[in-house]
Amino acid sequence: MHKILIQLDGDAQASVFDRVVAIDAGAEEVFSYAGVKPEQVRDLVHGAIFTRGPKNLKSTAIFVGGSDVSAGEALFHEVSKHMLPQFGLRVSVLLDANGANTTAAAAVRAAGRHVPLKGATALVLGGTGPVGQRIARLLAREGAVVRVGSRQASRAEGVCQTLRGKVPDARLEAAAAGSPEAVAKALVDQQLVFAAGAAGALLLPCAVRIASKTLKVAIDLNAVPPLGIEGVEVGDKGVERDGVICYGAIGVGDTKMKIHKAAIARLFERNDQFLDAEEVYQISQEP
Ligand SMILES: NC(=O)c1ccc[n+]([C@@H]2O[C@H](COP(=O)([O-])OP(=O)(O)OC[C@H]3O[C@@H](n4cnc5c(N)ncnc54)[C@H](OP(=O)(O)O)[C@@H]3O)[C@@H](O)[C@H]2O)c1
């Protein structure tokens, strides 16, 4: 039975990147739908689940992408509403809009290679964006004590409240991080720092990073100069700089690609999976 991946993308053009990765990960056909709106999802899901019988539905799967992560989340939620599990009529689904789930999983996995995450202190700069929020969520689930940084403390507090709804025992606090002085304050006592700010935004100046006495791992996800952590190179992958293990965006990107492919391959193992940030992170932990 041919492995068919149905790509639902809210953008005007479906992502070529996601199509290529799908093929490289073992999908034999990729049906790409662009400009998908939530009200169109039901018929697309029905097309997927009513064609092959329950025994063969593991060979059909859905990938939700697109550059707008909120729009992707809405499509993912809508997809979940139209499966018919009572009749065995369902297919597995992966959400990776804008690469947010695979990128966050790769970043947290990288940190976890060097420091036990349970009880670790972690500052997530740019913590209000889709990638930063997912990093904070995964860290909190691992038992880390997480500071969510934003140029506006109120935005960081809003994210903390949302995350507490998802991870009830999360240890989270908001931190203002709109100036080098504020970032230096937010970095006090932190072992891990993640820079998940917008492309081209420098979040952590070199002097502030070097002054930290507690920092063990620094991970930057911004590949567009100026980079997010000054002095960390984009290709760094576990490179020690000033006594801190450093990763740049391309260093993390390699792992991210492996996780993306593994998650696509996983879709075709069973027909009952919904892979969001936590499930993708779980896959990243497997050998
Ligand atoms: N390697 C990959 O495949 C991959 C995939 C996805 C993302 N990424 C990278 O990961 C990073 C995070 O992605 P994202 O989509 O979550 O980012 P985003 O939504 O564009 O930005 C994240 C946060 O950065 C802050 N920010 C925005 N403009 C800023 C500026 N000019 N100066 C300082 N801070 C600014 C904002 O927080 P506040 O307003 O609250 O301060 C925003 O919520 C990006 O650098 C992106 O390129 C890489």
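## Helices and strands

Helices, which have at least four residues, and strands, which have at least two, are runs assigned by DSSP and numbered from the N terminus. In this predicted model, the protein holds ten helices and twelve strands. The radius of gyration of the protein is 19 Å, close to the 19 Å that the globule rule gives for 287 residues, and therefore the protein is as compact as a globular protein of that length.

Taken along the principal axes, the box that the C-alpha atoms of the protein fill is roughly 60 × 35 × 35 Å.

## Two domains

The domain assignment divides the protein into domain 1, covering residues 4–95, and domain 2, covering residues 103–253. Between the C-alpha centres of domain 1 and domain 2 there is a distance of 31 Å.

## Burial and contacts

Of the 287 residues of the protein, 51% count as buried. When contacts between residues at least 6 apart in sequence are considered, 70% of them join residues at least 24 apart.

## The largest nonpolar core

The largest nonpolar core has 93 residues, and within this core the members that touch the most others are V64, A107, I135 and F194. Helix 4, which runs over residues 100–112, gives the most to this core, with eight residues. Because domain 1 (4–95) and domain 2 (103–253) both give residues to this core, the core lies between them.

Which residues is F194 in contact with, leaving aside its neighbours within four places in sequence? These contacts of F194 are with A107, A122, V124, L125, I135 and I219.

Key: Residues are numbered from 1 along each chain as its sequence is written. This is a predicted model: local features need pLDDT of at least 70, side-chain atom pairs count only at pLDDT 80 or more; totals for chains, interfaces and linings use all residues. A nonpolar core is a set of buried Ala, Val, Leu, Ile, Met, Phe, Trp, Tyr and Cys residues joined through C-beta atoms within 7 Å. A residue is buried if 20 or more other C-beta atoms lie within 10 Å of its own, exposed if 12 or fewer, and partly exposed in between; C-beta atoms are placed from the backbone. Domain bounds come from an automatic or database domain assignment. Two residues are in contact if their C-beta atoms, placed from the backbone, lie within 7 Å. The radius of gyration is taken over C-alpha atoms; the globule rule is 2.2 Å times the number of residues to the power 0.38.
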